[in-house]
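Dear colleague,

I am passing on the structure that follows, together with notes on what turned up when its geometry was worked through. Please read the notes with the coordinates open beside them.

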Amino acid sequence: MLALVWTVCSAAEYGDIVFKRKVEGMDDIPPGVFPHWVHRMQYKCSACHDEPFKMQAGANEVTMDAIGAGQSCGICHDGKKAFASSVDTCLRCHYK
């Protein structure tokens, strides 16, 4: 039981990151949400930090164009290592 409590408390430390929009007029699409704690349970920090992501809130520009070009989240989310970023998977990251 103690291990379960520790796991839940540790997971809260690595909470979700909601990306702030820099493009106006896209109010019909919710901003992307990155489940940091889920990724942190599977990978060490060095898997993503400091390359390709700086360990500072707001320091990384994440765009759908970059993801589609295999940069940013697209390094892993290519349909091989992790689910692909496509119109079929929008709601996995863009949800209310």
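This is a predicted model: local features need pLDDT of at least 70, side-chain atom pairs count only at pLDDT 80 or more; totals for chains, interfaces and linings use all residues.

To begin with the cysteines, the closest cysteine sulfur to that of Cys-76 belongs to Cys-48 and is 6.2 Å away, which is too far for a bond, a disulfide being a pair of cysteine sulfur atoms within 2.5 Å. Cys-76 counts as partly exposed at 27% relative accessibility, on a scale where buried means under 20% relative accessible area, exposed means over 50%, and partly exposed lies in between, with a 1.4 Å probe and protein chains only. A search of the whole structure finds 0 disulfides. Cys-45 is likewise in no disulfide, its nearest cysteine sulfur being that of Cys-48 at 8.9 Å, and Cys-45 is partly exposed, with a relative accessibility of 34%.

Residues are numbered from 1 along each chain as its sequence is written, and side-chain values use heavy atoms, with hydrogens and water left out.

As for confidence, the average pLDDT of the protein chain is 85, and 85% of the residues score at least 70, where pLDDT is the predictor's confidence in each residue, from 0 to 100.

The overall architecture comes next. The protein chain contains 3 helices and 2 strands, arranged along the sequence in the pattern α-β-β-α-α; these elements are DSSP runs numbered from the N terminus, with helices (H or I) of at least four residues and strands (E) of at least two. Of its 96 residues, 16% count as buried, and the protein chain exposes about 7800 Å², of which carbon and sulfur atoms supply 60%, the areas coming from the Shrake-Rupley method with a 1.4 Å probe, and only the protein chains shown counting as cover for residues. Among the contacts in the protein chain with a separation of 6 or more, 28% are between residues 24 or more positions apart.

Two peptide bonds deserve a look in your viewer. The bond from His-49 to Asp-50 is cis, with omega near 5 degrees, and Asp-50 sits in the loop between helix H2 (36-42) and helix H3 (64-68). The bond from Glu-51 to Pro-52 is also cis, with omega near 5 degrees, and Pro-52 belongs to the loop between H2 and H3.

Gly-58 lies in the loop between H2 and H3 as well, and is exposed, with a relative accessible area of 73%. Although Gly-58 and Lys-20 are 38 residues apart in sequence, their C-alpha atoms are 8.2 Å apart in space. Lys-20, for its part, is found in the loop between strand E1 (17-18) and strand E2 (33-34) and is exposed at 77% relative accessibility; from Lys-20 to Pro-31, 11 residues apart in sequence, the C-alpha to C-alpha distance is 6.7 Å.

Which backbone angle of Ser-72 is positive although Ser-72 is not a glycine? The angle is phi, at about 55 degrees, and Ser-72 is placed in the segment after H3. Ser-72 is buried, with a relative accessible area of 12%, and, leaving aside neighbours within four places in sequence, Ser-72 is in contact with Phe-53, Val-62, Ala-66 and Ile-67.

Asp-78 is also in the segment after H3, and counts as partly exposed at 39% relative accessibility.

With kind regards

Note on methods: Contact means heavy atoms within 4.5 Å.
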